[in-house]
Amino acid sequence: MASETAASPTSVAAPAAPSSRRWLTLTTVALAQLMVVLDATVVNIALPSAQADLGFSDGDRQWVVTAYSLAFGSLLLFGGRLSDLIGRKRAFIIGLVGFAAASALGGAADSFGTLVAARALQGVFGALLAPTALAVLTTTFTIPKERARAFGVFGAIAGAGGAIGLLLGGVLTESFDWRWNLYINVVIAVVAIAGALVFVRHVPRTGPRPKLDVPGTLLVSGALFALVFGFSHAETDGWDAPLTWGMLAGSVVLLVAFVLWQRRAEHPLLPLSIVLDRNRGAAYSSVLIAGVGMFAIFLFVTYYLQATLKYTPIQTGLSFLPMIGMLVVAAQLGTNVFVPRFGPKVMVPIGMSLAVVGMVYLTHLGPDSGYAADLLAPLMILGAAMGTIMPASIQTATLGVDREFAGVASAMVNTSQQVGGSIGTALLNTLAATAAADYIAANLPSTPEVMAEAAVHSYATAYWWAAGFFAVGAVLSALLFRRRSQGRAAQQAPDAAPGTAEAVPTTAH
C-alpha cells in the first residue's frame with residue numbers, strides 16, 4: 001500500500017506485530033479469502049432455486065455467474081494496485097464492507113436484474129479484497145518459517161474453497177433458502193471486519209504517494225474483460241461465434257499494448273520485472289494450470305455425482321470432504337516440511353504429476369461406479385496434488401516483491417487462477433459437449449442407457465484434457481523454477497532492492 005511502499009530502510013525495519021497478533025491477522029485474512037473463493041461455487045448450487053423463485057430463463061441463468069467473473073477478473077490488477085496506493089488496511093475493510101453489502105443486495109433481490117447487478121458488485125469488491133488479503137499476508141509474515149505456515153493455510157483455502165462452497169451451498173439451499181448462499185457472506189464479513197479493525201496493522205506512509213497508471217489500468221482491465229467474456233461466450237455460443245473470437249483477439253491486442261506501455265510508463269501498474277522473474281513466472285503459470293484443473297474436478301465430478309449417481313446437493317458436498325482433508329494435510333506438510341527442504345522446483349512438479357494420476361484415475365468411472373470403491377481414491381490423490389501445488393506456488397509468487405507492488409503482485413495470483421478457471425469453463429465444457437454428441441451419434445438410438453454412457457464419456461474426455469494440462473504444468477514448473485541454490489543467490493545479491501517484502505533469505509527457493 002502507499003503507506004507501506006517507501007523503499008527505505010525505515011519502512012523495512014518497521015517492527016513486526018507480536019506473534020499472537022500476526023496469527024490473528026492470518027485468521028482474518030483467511031476468512032476474507034474463504035468468502036471470495038467459495039462464492040465462485042456456492043451460488044452455483046443455489047441457481048436452480050433462484051431461477052424458480054425469480055422466473056428467469058435458462059439462457060439468462062449464466063449471467064448470474066458471468067457477471068461476477070467479468071467484474072472480478074477484469075478489475076483484479078486495478079484492485080491490487082489500489083490497495084498499494086490507499087493503504088492495505090483501508091482497502092481490506094472497504095472490500096469487506098462492499099462485498100457484504102453487495103451480497104445482502106443479492107440475497108434480497110426481487111428480480112433477475114437486481115441479482116445480476118449484485119453479483120457484478122460482488123465481483124468489483126472481490127477484485128479489491130482478494131489481492132489485498134494476500135498482500136496483507138505477504139507483508140505481515142516475513143520470517144521464513146512463519147511465512148511457510150501462513151501460506152500453507154492460505155493456499156489450502158485457495159484450493160479447497162470451491163469444494164467448501166459446494167458443501168455449504170447444498171446445506172444452505174436444502175435447509176434454508178437459496179438467498180442464504182448470499183447472506184452467509186454478510187455473516188463472514190462482519191467477523192472479518194472486526195478482526196481487520198483490531199489485528200491488521202496500519203503502516204504510516206514514509207515516502208511520496210505513488211501515482212496510478214491510468215492508461216495501463218484501462219488497457220489491462222479491458223484486456224482481462226475481453227478475455228473472460230470471450231471464454232464465457234465460447235461456452236454458450238461456440239468458438240466460431242464472431243463475438244467469441246472477436247473478444248479473444250481484442251484481448252490479445254490490448255495485452256500487447258499493455259506490455260508495450262508498461263515498458264515506458266513512469267509509474268507502471270505492473271512492472272514487467274515482477275512477472276519476468278523465473279520463479280514468479282513459474283508460480284503464476286502453475287496457479288493458472290491448477291485453476292483449469294480445479295474447474296474440471298469441481299464441475300464434472302459434481303455433474304457425475306448428481307446426474308449419474310443421483311446424489312443430493314448435500315451428499316455431493318460431503319463427497320468432497322476427504323479431498324479437502326487431504327488438501328489441508330498436504331498443504332501443511334508441503335509448506336512446513338517439504339518446500340523448505342526441496343523447493344518449489346521439486347514440489348510443484350510432484351503436485352502436477354499427482355494431479356495427472358488423479359485425473360487419469362477419474363476417466364475409469366462408469367455409470368455404475370461406487371463412491372468408496374471408485375471415486376474416493378482419485379479425489380484424495382487430487383487433494384494431495386492441489387495441496388502440494390497451490391501453497392508453494394502462491395508463496396513463491398509474492399516472494400521478494402517490493403512492498404510498493406505487493407498488492408499488484410498478489411493480484412496476479414488471483415488473475416492467474418481466474419483466467420485458468422475461465423479457460424477451463426469454456427474449453428473443457430465445449431470438449432465435453434462435443435464428446436457427448438459424438439458418442440450419441442455413434443450409438444443411436446439415444447436410449448436412456450446411451451445418454452447415461454454419453455455423459456460419463458464426456459466427463460472422461462474433460463478429465464483426459466485436464467490431465468494433459470497438468471502434464472504440461474509439470475514440465476513447465478520443472479524447467480522454470482530455479483534451484484534452491486539459485487534462489488538463495490538471487491535473494492542475497494548485493495543489488496537487491498532494499499524495499500522488498502522479504503528481508504530474510506528463505507530456503508524455499
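A pocket, as I use the word here, is an open set of grid points with protein on both sides within 12 Å along at least five of seven lines. I start there because the first item is a pocket, and the term needs that rule. The model on the screen is a predicted one.

So, the pocket. The largest one has a volume of about 1500 Å³.

The largest share is that of α2, with 10 residues. By class, the lining has 22 polar residues, 20 nonpolar and 5 charged.

Staying with α2 for a moment, I turn to aromatic pairs. The count for the model is 13. One of them is Trp23 with Phe141, a tilted pair, with 4.9 Å from centre to centre and 50 degrees between the planes. Trp23 sits in α2 and Phe141 in the loop between α5 and α6, so this pair ties together parts that are 118 residues apart in sequence.

Next, helix packing, and two contacts made by α17, which is residues 448-480. With α11, the axes come within 9 Å and cross at roughly 165 degrees. Angles over 145 degrees count as roughly antiparallel, and therefore that is the term for α11 and α17. Their crossing is left-handed. The contact of α11 with α17 is made up of 20 nonpolar, 7 polar and 1 charged residues.

The second contact of α17 is with α16. Here the axes come within 8 Å and the crossing is at roughly 140 degrees. The pair α16 and α17 is therefore oblique. The crossing of α16 with α17 is right-handed.

What lies in the loop between α16 and α17? Pro445 is found there, and a cis peptide bond joins Leu444 to Pro445, with omega about 0 degrees.

There is one further backbone point, at Lys310. This residue is not a glycine, yet its phi is positive, about 60 degrees. Lys310 lies in the loop between α11 and α12, the latter being 313-319.

Last, another helix pair. α14, residues 344-362, packs on α15, residues 371-397, at an angle of about 155 degrees, and the axes are 8 Å apart. That angle makes α14 roughly antiparallel to α15. The crossing of α14 over α15 is left-handed. The residues in the contact of α14 with α15 are 19 nonpolar, 5 polar and 1 charged.

α17 is roughly antiparallel to α11 and oblique to α16. The cis peptide bond is the one joining Leu444 and Pro445.

How values were computed
Residues are numbered from 1 along each chain as its sequence is written. This is a predicted model: local features need pLDDT of at least 70, side-chain atom pairs count only at pLDDT 80 or more; totals for chains, interfaces and linings use all residues. Side-chain values use heavy atoms; hydrogens and water are left out. On a 1 Å grid over the protein atoms alone, a cavity is a set of points where a 1.4 Å probe fits but cannot get out, and a pocket is an open set with protein on both sides within 12 Å along at least five of seven lines; lining residues have an atom within 4 Å of a point. Grid points are joined across faces, edges and corners, and a volume is the space filled by probe spheres set on the points. Helices (H or I, at least four residues) and strands (E, at least two) are DSSP runs, numbered from the N terminus. Ala, Val, Leu, Ile, Met, Phe, Trp, Tyr, Cys and Pro count as nonpolar, Asp, Glu, Lys and Arg as charged, and the others, Gly among them, as polar. Axes are lines fitted to C-alpha atoms, for helices over the stretch in contact, and angles run from 0 to 180 degrees between N-to-C directions. Angles under 35 degrees count as roughly parallel, over 145 as roughly antiparallel, 65 to 115 as roughly perpendicular and the rest as oblique. A crossing is left-handed if the near helix is turned anticlockwise from the far one by less than a right angle, and right-handed if clockwise. Rings of Phe, Tyr and Trp (its six-membered ring) pair if their centres lie within 6.5 Å; planes under 30 degrees apart count as stacked, over 60 as edge-to-face and the rest as tilted.
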